[in-house]
Amino acid sequence: MTDTLVQGTHSASSRPEGSRPGAVLRRAEARPIIEIQDVVKTFGDFVAVDQVSLTIREGELFALLGGSGCGKTTLLRMLAGFERPTAGRILIGGQDMTQVPPYDRPVNMMFQSYALFPHMSVEANVAFGLRQDSLPKAEIRDRVRQMLDLVQLGPFAKRKPHHLSGGQRQRVALARSLAKHPKVLLLDEPLAALDKKLREQTQLELVGIQERVGTTFVVVTHDQEEAMTMADRVAIMDSGRIIQVDTPHALYEYPNTRYVAEFFGTVNMFQGQLIEDEPDHILIRSDALANPVYVGHGISARGGATVWVALRPEKLAISRVQPDSPHNWDQGIVEDIVYLGGISTYHIRLDSGALARVTTQNLERMAEPDITWDDRVFVSWRHDNTVVVTG
Amino acid sequence: MSGAGEGPGHGLGGRPTTGARTRSIAEAAWAAAGRDGERNGHGRTRLQWLMARFGRGTVIGIPYIWLLLFFLLPFLIVLKISFAEFRIGLPPYTPLLEWIEGGYLQIKLAFGNFLFLLDDPLYVVAYLNSLKVALVSTLIALLIGYPMAYAIARASPTWRAVYLLLVILPFWTSFLIRVYAWIGILKNNGLINNALISLGLIDSPLPLLNTEVSLYIGIVYSYLPFMVLPLYATLEKMDIALIEAAADLGCRPFKAFLTVTLPLSMPGIVAGSMLVFIPAVGEFVIPDLLGGAGTLMIGKVLWSEFFNNRDWPVASAVAIAMLIFLVIPIVVFQYYQHKHAERAEES
Ligand SMILES: Nc1ncnc2c1ncn2[C@@H]1O[C@H](COP(=O)(O)OP(=O)(O)OP(=O)(O)O)[C@@H](O)[C@H]1O
Ligand SMILES: [Mg+2]
């Protein structure tokens, strides 16, 4: 954990990088492969994608994350060419592809339903794209073999899709969409049809395959953990708009809006007023918290403005001892304890009536927890673990 | 949420009494339900046994009884007559079984009727002609019906319902009346000729009625819904994502149709073609009303054998021969198709 100061607005360069730092640093200088410029898509009166601009770099594993119906699939389908943007431009590899039909685009898509051809064998499915380019037979055979080895489906080459398990079908779909060596692979909820355990395993497999083939992946998902596990960068979408684009780490630690803070992980959110606004620190007074909130840097809001204090559960500490500070603590009653094995979440009902969730690690097997139901406890946090958002 | 904290062995020392109490109540309720269920279960089992024994049998049996009564029995009667000989009287054929002197039961099978069919080229020609007409009609119906079914399957749900209704609508009028309506349309002073003449495009009426053309119009028109409906059913089930996947992999629309849509709609094509082809072979009314004097079709021959010549045995032999020549190829075809599908699945 790097102790950078928490800032309302911050520069990208000062931030620690995500879970795959090497990859991200390498890609920071990479060329853009997809440029989405002010793209709008409407269905009748309904605006499904609203003024989206986005640059995806070569070799990146990029995730589009958002709730149901926020326009992720629509955006992806515009990249594949199945939908034409109502306005705006889409550049792929520097070329304007806005009006180019799907069969002439250098991208391939892995469908959520997999869309495997049921009348063709696994082999024929994977070969389908290569056949369209009329490659020599021997080359097609080699490439198909290569792809099936990549997804470990060699022994299943002659089977029909409906004789495969869900996980195997998913891998056939992946092999088929990678066979043509596309510049970009688009994946629409690639793991949604798998059960939880297989999904988690496949997430890492997918990342491994992506690193091996080096293709740019654009993954649509509505699962925040999946985006965090897999992606180099994540774009958070809401109602057709992009709210924030950043590394998973930055989205978690430096959300720029309330929506992102709440969507990306769990958070305690308290509304308050800016009562002191200095360049080197600010003070926030919240009806939900007994003491003012002190943050050791300035923000771009004026005194008196409404702001939100976002506190991650793991960054709160609980204790029976009253903290010795005028700021950044409160007290309440333990209302509930959720034991999750590695961690426990305490639900603390503050005296204001607001609820604070605090997670603690269960480090010792035999330890008797000293805080239990209905205890009166103090909740505190460090000022540099405080995130302040203005909207 | 609180439930997770109340589990029995977690180390947080919660409120174990609550958990235990809840469980004991639940156990009691479960035990009570069990006893109850047993009592009810007993009565139900006997009823279920009766149902299983007779109820289900009846439900499955009804179609079989239906087939037995209205298909197999008439077929056997026709088969019997086909082995009899013509005679003047009532019934107009000789009996198959006869008591003769000495208390013997005599069975007389006359194969002459079948040999006669081979003797007179009329029957073979009529049969081949029927196959030709049915085949051509099926192809035309497929060519017209496929785009129709495709368009309906891809239309928006509201329009889909309207189009389907339009396809089925003709069934609300009697088949015979609709064929007669075609006479009105095609005859010399009918709708088409009058329209063309009044437009000044032709001077004298085109001979449309009682030609090959009118015959095909009649058959295709009558059986088109039987082609469209099964095609629609398969096309509608097909996932659009498959076409998109083909396009995504670099396949142009027409090739995607040939390599994906067409093979996947094969069951619909086969079903629709059978539904048109089989009745078209034996069709009698349409060739009689719309076909020309030279239109020789087996159904028409059958009709004249029965009603004009009153030669029931020969007519029956024609019917049986037609059935055999029609059914056997179809059964063989289906058998191979089935085997092919199975083999494809195994590999
Ligand atoms: N062809 C269409 N016609 C009309 N509305 C559409 C069409 N396609 C999508 N929409 C609408 O656009 C919105 C965005 O749809 P989209 O499929 O992109 O959502 P999504 O983010 O992928 O959601 P999910 O996570 O549920 O898949 C939805 O409200 C949807 O109803
Ligand atoms: Mg979607």
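This is a predicted model: local features need pLDDT of at least 70, side-chain atom pairs count only at pLDDT 80 or more; totals for chains, interfaces and linings use all residues.
Partly exposed, as used here, sits between buried, under 20% relative accessible area, and exposed, over 50%. B:Arg252, at 47% relative accessibility, therefore counts as partly exposed.

**Overview**

Over all chains, the structure holds 21 salt bridges. Side chains of opposite charge can pair when their charged atoms come close.

| Salt bridge | Closest N to O distance |
|---|---|
| A:Arg233 with A:Glu60 | 2.4 Å |
| A:Asp104 with B:Arg252 | 3.3 Å |

**A:Arg233 and A:Glu60**

In this salt bridge, the closest N and O atoms are 2.4 Å apart. A:Arg233 lies in strand 9 (residues 233-238) of chain A, and A:Glu60 lies in the loop between strand 2 (46-57) and strand 3 (61-66), so the pair ties together parts that are 173 residues apart in sequence. A:Arg233 is buried, at 12% relative accessible area. A:Glu60 is also buried, with a value of 1%.

**A:Glu253 and A:Lys315**

A:Glu253 is in helix 8 (residues 248-253) of chain A. A:Lys315 is in the loop between strand 14 (306-311) and strand 15 (317-319), so parts that are 62 residues apart in sequence are tied together. A:Glu253 has 14% relative accessibility and counts as buried. A:Lys315 is buried too, with a relative accessible area of 14%.

**A:Asp104 and B:Arg252**

This salt bridge has its closest N and O atoms 3.3 Å apart. The pair crosses between chains. On chain A, A:Asp104 sits in the loop between strand 5 (95-96) and strand 6 (107-110). On chain B, B:Arg252 sits in the loop between helix 9 (240-248) and helix 10 (253-264). A:Asp104 is partly exposed at 40% relative accessibility. B:Arg252 is partly exposed at 47%.

**A network of four residues**

A network of salt bridges links A:Lys41, A:Arg77, A:Glu83 and B:Glu244.

**The annotated domain**

In an unreviewed entry, UniProt lists residues 34-264 of chain A as "domain: ABC transporter". Over these residues, the chain is 36% helix and 27% strand. The end C-alpha atoms of residues 34-264 are 24 Å apart.

Key:
Residues are numbered from 1 along each chain as its sequence is written. Chains are lettered from A and ligands numbered from 1 in the order in which they are written. Side-chain values use heavy atoms; hydrogens and water are left out. A salt bridge is a side-chain nitrogen of Lys or Arg within 4 Å of a carboxyl oxygen of Asp or Glu. Helices (H or I, at least four residues) and strands (E, at least two) are DSSP runs, numbered from the N terminus. Buried means under 20% relative accessible area, exposed over 50%, partly exposed in between (1.4 Å probe, protein chains only). UniProt positions are given in the numbering used here, feature names are shortened, and annotations may be inferred rather than shown by experiment.
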